[in-house]
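Hi everyone, thanks for making time this morning. I have one model to walk you through, so let me put it on the screen.

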Amino acid sequence: MKSVLILAVVFSLSLSVSSVSSAATLSLSPSTGAPFLGVPFQVRVMMDTQGQTVVVADAILTYNPVLLRVDGVTPNYADPPGSDQFRFLARSTFGDGRVQVVVGTPHQTALNGNAIAVADVLVTPLQCVTAAAISYYFLAPAASRDSNVIKDDGLGTDLLASVFGGSYRVYPNPRGESANYDADPASEAAIFRPGTGFWAVRGVTAFYLGSSGDIPAPGDYTGDGTTEAAVFRQSSGLWALKSGGRLYFGGSFDLPVPGDYNGDGSCEIALFRPASGLWAVRNLTRFFFGTSGDYPVSADFNHDGKWEAAVFRPADGLWAVRNRTRVYFGQPGDVPVPADYDGNGSADIAILRPGNGLWAVRGITRASFASAGDIPVPADFPGSGTDRMGYFRPFQGLWSVRDVTSFYFGQLGDIPLSR
Ligand SMILES: [Ca+2]
Ligand SMILES: [Ca+2]
Ligand SMILES: [Ca+2]
Ligand SMILES: [Ca+2]
């Protein structure tokens, strides 16, 4: 996925202080990634002193608060064994796109090491974008009020010579193929907790399936009319179904896009490869549709019972439904939220604009519903045959379904799953 490899600006400086033979760096780990809208991910502040003993590290990160929100800063010192060297001196977050982490070591036990984790920063993506950057605020060695790494020489010599930020591609939240886990026709609210593999379906069941990093991919794989939990593991290509089915299909960088692509009433295992636009539906077909950077938005757009491959292109708002249509609807930063909002059996082209909470359903309706950071979960919660606008507000665990209901279910970090 080469389009992700957009590193933040890297400054290189020639040091004028001749006594400084090595130079410290600050970096972010991971420096690239593909997090989901609204689902927090963690980046680690890393310091490399290149063998120098230091007494203070002062990392100032900057980010675009329209695209990202910092939800927490946690000390994380990967000290040399038994050293217990660091002290967490200060942390501060600012709503205007800055977060500062200050750590120090007592002089008598000054650090002498290489790449050291300094802190973990929990970041929540607020918009779907191809590049959300986190950079260090860095001017020059010894400049005041920017990032610094101070040598243990009693002089306050700033060793920091280079910084390496990160850039992250934010995808729409995964929705699976369906979310009807019981006998009634209504969609259920469900959550997947990525850290533990915990699933909970409101009022129905809770269980464990999958583990940290797995992408939830629920669908009616057996064709019995109810949804089955499933996860896709990018590291190995594993699909694990609640029924016990396990198989390998796809791998790193692939996104699960389960759906009923042949109209036989059961959900197929399928994937989309954003780097190349490859679609692969297991035991059925493979083809290329879309280009690098597109978001998959497959659904049944023409009410023939079969799902169409489809993509939303965030750069210009293109919706392309394979063999059906190409229209422009939406703009960069919008979240595609296809669903059947008028109940005619066809998925409708729709977007949520996170900045102002605008939902727009092409040719049908517009409404203001949701605010920044909310995760869209349109679904047929009443079981009436029509999908409703709905969102999950991670901070509060709040679900709100427009004109229908609201309730609390789940918590920050959970991936909400409804369709
Ligand atoms: Ca149900
Ligand atoms: Ca099928
Ligand atoms: Ca169709
Ligand atoms: Ca419709």
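A word on conventions: residues are numbered from 1 along each chain as its sequence is written, and chains are lettered from A and ligands numbered from 1 in the order in which they are written. This is a predicted model, where local features need pLDDT of at least 70, side-chain atom pairs count only at pLDDT 80 or more, and totals for chains, interfaces and linings use all residues.

pLDDT is the predictor's confidence in each residue, from 0 to 100. Its mean over the protein is 90, with 92% of residues at 70 or more. The stretch to treat with care is residues 1-20, where pLDDT stays under 50. Where pLDDT is low, the predicted coordinates should not be read in detail.

Now the overall form. There are zero helices and 37 strands; these are DSSP runs numbered from the N terminus, H or I of at least four residues for helices and E of at least two for strands. The C-alpha trace spans about 75 × 40 × 40 Å along its principal axes. Contacts here mean C-beta atoms, placed from the backbone, within 7 Å. Of the contacts with a separation of 6 or more, 53% are between residues 24 or more positions apart.

Next, the interior. I call a residue buried if 20 or more other C-beta atoms lie within 10 Å of its own, exposed if 12 or fewer, and partly exposed in between, again with C-beta atoms placed from the backbone. By that count, 45% of the 419 residues are buried. A nonpolar core is a set of buried Ala, Val, Leu, Ile, Met, Phe, Trp, Tyr and Cys residues joined through C-beta atoms within 7 Å. The largest one has 107 residues, and Leu26, Val45, Ala59, Val118, Val121 and Val149 have the most contacts inside it. Strand β4, residues 53-63, gives the largest share of this core, six residues. Look at Val45: beyond four places in sequence, its contacts include Leu26, Ala59, Val118 and Val121.

On to pairing, which I count when DSSP finds at least two bridges between two strands. One open sheet has four strands in the order β21-β22-β23-β24, paired antiparallel. Its edge strands are β21 (255-256) and β24 (285-288), each pairing on one side only. Inside it, four bridges join β22 (270-273) to β23 (278-281), and Arg273 stands opposite Leu278 in β23.

Which strands does β31 form hairpins with? One is β30, with four residues between them and Gly357 in the turn at a positive phi of about 75°. The other is β32, with three residues between and Gly363 in the turn, also with a positive phi of about 75°. Four antiparallel bridges join β30 (350-353) to β31, with Leu352 opposite Trp359. Another four antiparallel bridges join β31 to β32 (365-368), where Val361 has Thr365 as its bridge partner.

Ala360 counts as partly exposed because it has 18 C-beta neighbours inside 10 Å. Beyond four places in sequence, Ala360 is in contact with Ala350, Ile351 and Arg366.

That's my tour; happy to take questions.

Conventions
Contact = placed C-beta atoms within 7 Å.
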